[in-house]
Amino acid sequence: MLQLPCPYCGPRDELEFSCGGEAHISRPLANNKISDAAFGEYLFLRDNPKGVFLERWRHASGCRRWFNVVRDTVSHDILEVYAMGSKPRRTAGKKAYNNSWRRTTAAEAAAVNK
Ligand SMILES: [Zn+2]
């Protein structure tokens, strides 16, 4: 069974957590116009890589707080745990974040005030 290190409670069994899927998906702001295709890409497309992946997890049966995890989907190794709203600091997580196709999408550009 997978053990996840909750940053607030310490290591716990996977059964106490719920996975929220891919991390770092920015919602486009309503006042920023993007095409229907770009909005559909934001809404429906999710990565499912073989290797390092950035995920959101919630300690549902514990503190109920959300946090981000850098996990290798092949070995299930937890490479880093970090707070919501921040970015990975270690090399593998940084590389996965920076190399994600999302960093260059219209939806991501429309997620900030212009
Ligand atoms: Zn917790």
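Two residues count as being in contact here if their C-beta atoms, placed from the backbone, lie within 7 Å. With that in hand, let us walk through the chain. This is a predicted model, in which local features need pLDDT of at least 70 and side-chain atom pairs count only at pLDDT 80 or more, while totals for chains, interfaces and linings use all residues. Residues are numbered from 1 along each chain as its sequence is written.

## Overall layout

The chain has 3 helices and 6 strands. Helices (H or I, at least four residues) and strands (E, at least two) are DSSP runs, numbered from the N terminus. Read from the N terminus on, the elements follow the order β-β-β-α-β-β-β-α-α. Along the principal axes, the C-alpha atoms fill a box of roughly 45 × 25 × 25 Å.

A word on burial: a residue is buried if 20 or more other C-beta atoms lie within 10 Å of its own, exposed if 12 or fewer, and partly exposed in between, with C-beta atoms placed from the backbone. Of the 114 residues in the chain, 18% are buried. Among contacts with a separation of 6 or more, 56% join residues 24 or more positions apart.

## The sheet

Strands are said to pair if DSSP finds at least two bridges between them. An open sheet of 4 strands has the order β3-β4-β5-β6, with antiparallel pairing. The edges are held by β3 (18-22) and β6 (78-83), each with a single partner strand, so one side of each is left without a neighbour in the sheet. On average, neighbouring strands are turned by 30° against each other, direction ignored. Axes for such angles are lines fitted to C-alpha atoms, for helices over the stretch in contact; angles run from 0 to 180 degrees between N-to-C directions.

Helix α2 (residues 91-99) packs on this sheet and touches β4, β5 and β6. The direction of α2 makes about 95° with that of β4.

The pairing can be followed strand by strand. β3 and β4 run antiparallel and are joined by 4 bridges, while β4 and β5 pair in the antiparallel sense over 7 bridges. Glu22 has Glu55 in β4 as its bridge partner, and Glu55 in turn stands opposite Val69 in β5. Another facing pair is Arg56 and Asn68, the latter in β5.

## The nonpolar core

A nonpolar core is a set of buried Ala, Val, Leu, Ile, Met, Phe, Trp, Tyr and Cys residues joined through C-beta atoms within 7 Å. The largest one has 11 residues in all: Leu4, Phe17, Ala23, Val52, Phe53, Leu54, Trp57, Phe67, Val69, Val70 and Ala96. At least two residues of this core come from each of β4 and β5, and β4 gives the largest share, 4 residues.

Not counting residues up to four places away in sequence, Trp57 touches Leu4, Phe17, Cys19, Gly20, Phe67 and Val69.

## Loops and individual residues

Ala60 sits in the loop between β4 (52-58) and β5 (66-72). Leaving out residues up to four places away in sequence, Ala60 touches Glu16, Phe17 and Ser18. Ala60 and Glu16 are 44 residues apart in sequence, yet 5.9 Å apart in space, C-alpha to C-alpha.

Phe39 is found in helix α1 (residues 36-44). Apart from neighbours within four places in sequence, Phe39 is in contact with Pro28, Ile34 and Ala107. Phe39 and Ala83 are also 44 residues apart along the chain, but their C-alpha atoms are separated by 26 Å.

Two loop residues have a backbone angle worth a look. Most residues other than glycine have a negative phi. Arg64, in the loop between β4 and β5, has a positive phi near 65°. His76, in the loop between β5 and β6, has a positive phi of about 65° although it is not a glycine.

| Residue | Other C-beta atoms within 10 Å | Class |
|---|---|---|
| Ala60 | 14 C-beta atoms | partly exposed |
| Phe39 | 16 C-beta atoms | partly exposed |
| Arg64 | 10 C-beta atoms | exposed |
| His76 | 11 C-beta atoms | exposed |
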